[in-house]
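Open the model in your viewer and keep the selection tool at hand. The tour begins at one pair of side chains and then widens.

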Amino acid sequence: MTEQVRTGSTPVIRDGILKCVPIGGYRFETGGWLPEVMMGYETWGTLNAEASNAVLLLHALTGDTHVSRGDSREDGWWDGFVGPGKTIDTDRFFVVAPNMVGGCYGSTGPASPDPDGRPWGSRFPFTAVRDSVRTEARLADFLGITRWHAVVGGSLGGARALEWAIEFPERVARCAVIAATAVASAEQVAFGQIQTQAIRLDPAFRGGDYYTEGSAPVEGLGIARRLAHITYRSEPELEIRFGHEGQGDEDPFGSSDAVRGRYQVESYLDHQAGKLVGRFDANSYIVLTEALVGHDVGRGRGGLEAALARAGSVEFFVAAVDSDRLYVPGQSERLAAALAGKPQVHYIHSPIGHDGFLTDIEQLNQVLRAGLFA
């Protein structure tokens, strides 16, 4: 269910229901221009009279706006973490979760129509994490929020949270950066490049203009998801869950007609790929992936230390997943050491890898309740 909110009207506040609001034309950091941008978002709770209880939650690469169930019938991606009486208590806080510009969950992206009604497709501007933050700031203006009680995100959401604290330090009281880093590593760029190339090399991609052609680059997007999902999980978890076993009655050694069955782990990756291609736009996957691999808070700001110094009095919370092989814990440790207050790095202890920031986030309940959400 989606509700469109018109500029100048009082927003209809229903917990966990997608809303869309126009924020005007926007010039992207690299020069691209959109004459009108829509922002999709969901909210939970009530903004107080002082507008001092607002919390911004930022999704990961293929995440969406639906953090918690609320009035919706669907569970959210942080249901055990956000809601009445939970760590981010929606009886106390007004929670806002926007869809990143370039995405495909309510905000303007490549699949959105241009003024003539044609999908933007290949003409959609290159998008940086800073573009995400600047458009989200316009959404905050619309909602009447001048300063966030806290900005919280994991993975791509963590990169956006950190960028918020540096781009608009006067608008952020507290910032939680979870399973993320201050600058993308060479390996993260490499993983991202393979994923975007897998999509672009799919014949159905058609240079990004596939929306009116009757088919989409689902094979390429599926390959991208398979690779990404391996980086989201740990090697021990895959070994314990699947080992070298065949999938059901399938024989991985094939037969005389050269048909090979799948290993269990192959079936698992096929399943993950199938789920994503049914709900995500391939162009948006490219846009958001390239934003993430381009993440560098020091770019154009005199380097990392000078950039982080801009955060001023923002109170930081940094967390990592101990088994993460995509955003390795050392990156969180280096970020914390470079911040003015040198905050402690808190650890999510999970065997599954990077995705532990989603599946095991409740391990941070106690420290967050005593700190950012006291």
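Select Glu 29 and Arg 299. Their side chains form a salt bridge, with N and O 2.6 Å apart. Glu 29 sits in the loop between strand E3 (26–27) and strand E4 (33–34), and Arg 299 in the loop between helix H7 (282–293) and helix H8 (304–309), so the pair ties together parts 270 residues apart in sequence. This is a predicted model.

Now colour the pair by accessibility. Glu 29 has 29% relative accessibility and counts as partly exposed. Arg 299 has 34% and also counts as partly exposed.

Next, go to Arg 160 and Glu 136. A salt bridge joins their side chains at 2.5 Å, N to O. Arg 160 belongs to helix H2 (residues 156–167) and Glu 136 to helix H1 (residues 129–143), so this pair ties together parts that are 24 residues apart in sequence. Are these two residues buried or exposed? Both Arg 160 and Glu 136 are buried. The cut-off for that label is under 20% relative accessible area.

Move on to Arg 226 and Asp 270. Here the salt bridge between the side chains spans 2.9 Å, N to O. Arg 226 is in helix H4 (residues 218–232) and Asp 270 in helix H6 (residues 264–277), so the contact ties together parts 44 residues apart in sequence. Arg 226 is partly exposed, with a relative accessible area of 26%. Asp 270 is partly exposed at 26% relative accessibility.

How many salt bridges does a search of the whole structure find? The count is 21. Side chains of opposite charge can pair when their charged atoms come close. For the charges overall, select the 34 positive and 47 negative ones: their mean positions lie 5 Å apart.

Zoom out and switch to cartoon. The protein has eleven helices and 13 strands. Its C-alpha atoms fill a box of roughly 75 × 50 × 45 Å along the principal axes. For 374 residues, a compact globule would have a radius of gyration near 21 Å, and the protein agrees, with 21 Å.

Turn to contacts. Among those with a separation of 6 or more, 69% join residues 24 or more positions apart.

Finish with the surface. The protein exposes about 15,600 Å², and carbon and sulfur atoms supply 52% of that area. Buried residues make up 56% of the 374.

Conventions
Residues are numbered from 1 along each chain as its sequence is written. This is a predicted model: local features need pLDDT of at least 70, side-chain atom pairs count only at pLDDT 80 or more; totals for chains, interfaces and linings use all residues. Side-chain values use heavy atoms; hydrogens and water are left out. Helices (H or I, at least four residues) and strands (E, at least two) are DSSP runs, numbered from the N terminus. The radius of gyration is taken over C-alpha atoms; the globule rule is 2.2 Å times the number of residues to the power 0.38. Buried means under 20% relative accessible area, exposed over 50%, partly exposed in between (1.4 Å probe, protein chains only). Contact means heavy atoms within 4.5 Å. Accessible areas come from the Shrake-Rupley method with a 1.4 Å probe; for residues, only the protein chains shown count as cover. Lys and Arg count as positive and Asp and Glu as negative; His and the chain ends are not counted. The place of a charge is taken as NZ of Lys, CZ of Arg, CG of Asp or CD of Glu. A salt bridge is a side-chain nitrogen of Lys or Arg within 4 Å of a carboxyl oxygen of Asp or Glu.
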